[in-house]
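Hello,

Here is the structure we talked about passing on. Please open it and follow along with the notes below.

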Amino acid sequence: MRPWLFAVGAVALVPFVSVLADPPKHEKASDQPPKEVEEPGLMVSRSEVMKKDPVADLGVARYWAVEKGKDVWSLLVEVNGTIPLHFHPDGVHRMYVLEGKLKCTVGKETMEMGPGDYMLIPKGVRHKFEKVGEGKAYFVTVDTPPINPANNVWLEPAPKTSDKK
């Protein structure tokens with residue numbers, strides 16, 4: 001091998017070797033890597049959630065609590081009719097359709113949604129859900145901060161409620 005070619009190759013490798021010898025520092029104030037914690041998570045099947053009594057029954061929809069905390073509330077919702085036009089002054093909905101089809105109105109936009117579809121409904125934005133076709137429809141909602149159904153503002157006649165909170 002020609003000596004000058006070896007020297008060029010060695011010089012080209014210097015930056016890579018220095019990076020390996022001196023890995024980048026963590027940019028946290030403590031200059032320590034993040035630490036893993038041991039906390040319980042939450043894994044639950046729909047069938048287990050639905051063995052409990054619903055936390056609310058509007059006649060056109062039933063609601064089961066999946067997760068209830070001070071900063072977040074997650075619900076499984078079974079829709080078998082139309083949830084009338086309303087809005088929430090106290091939280092943001094993040095919804096994921098699990099089963100069935102829903103005609104969803106969020107603000108001025110309407111869209112038919114099915115399994116795997118996602119929507120975000122900002123605080124104070126009007127929305128409505130209508131089951132489409134046969135059978136029931138299910139979605140999961142994650143609300144932050146938690147939405148208090150007692151604060152719902154109904155823009156169409158409210159459904160009957162059987163609130164069990």
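**Salt bridges and one glutamate**

Glu48 has a relative accessible area of 41%, so Glu48 is partly exposed. Keep in mind that this is a predicted model. Glu48 pairs with Lys51 in a salt bridge, and the closest N and O atoms are 2.9 Å apart. Lys51 is exposed, at 63% relative accessibility.

The search of the whole structure gave 6 salt bridges. One of them joins Glu78 and Arg62, at 2.8 Å from N to O. Glu78 sits in strand β3 (residues 73–79) and Arg62 in strand β2 (residues 61–68), so this pair ties together parts that are 16 residues apart in sequence. Glu78 is buried, with a relative accessible area of 2%. Arg62 is partly exposed, at 26%.

Asp71 and Lys70 also meet in a salt bridge, at 3.5 Å from N to O. Asp71 is exposed at 51% relative accessibility. Lys70 is exposed too, at 73%. Shared partners link Arg62, Glu78 and Lys136 into one network of salt bridges.

Now look at Glu156. It lies in the segment after β11 (153–154). Its relative accessibility is 27%, so Glu156 counts as partly exposed. Which residues does Glu156 contact, leaving aside neighbours within four places in sequence? They are Pro84, Leu85 and Lys128. The C-alpha atoms of Glu156 and Leu85 are 5.5 Å apart, although 71 residues separate the two along the chain. A polar atom of the Glu156 side chain lies 3.0 Å from the backbone nitrogen of Leu85. The Glu156 side chain also makes a polar contact with the side chain of Lys128, at 3.2 Å.

Best wishes

Methods:
Residues numbered from 1 in each chain as written. Predicted model: local features only at pLDDT ≥ 70, side-chain atom pairs only at ≥ 80, totals over all residues. Heavy atoms only, no water. Helix = DSSP H or I, 4+ residues; strand = E, 2+ residues; numbered from the N terminus. Buried < 20%, exposed > 50% of the residue type's maximum accessible area, 1.4 Å probe, protein only. Contact = heavy atoms within 4.5 Å. Polar contact = N/O pair within 3.5 Å; in protein donor to acceptor, adjacent residues only side chain to side chain. Salt bridge = Lys/Arg side-chain N within 4 Å of Asp/Glu carboxyl O.
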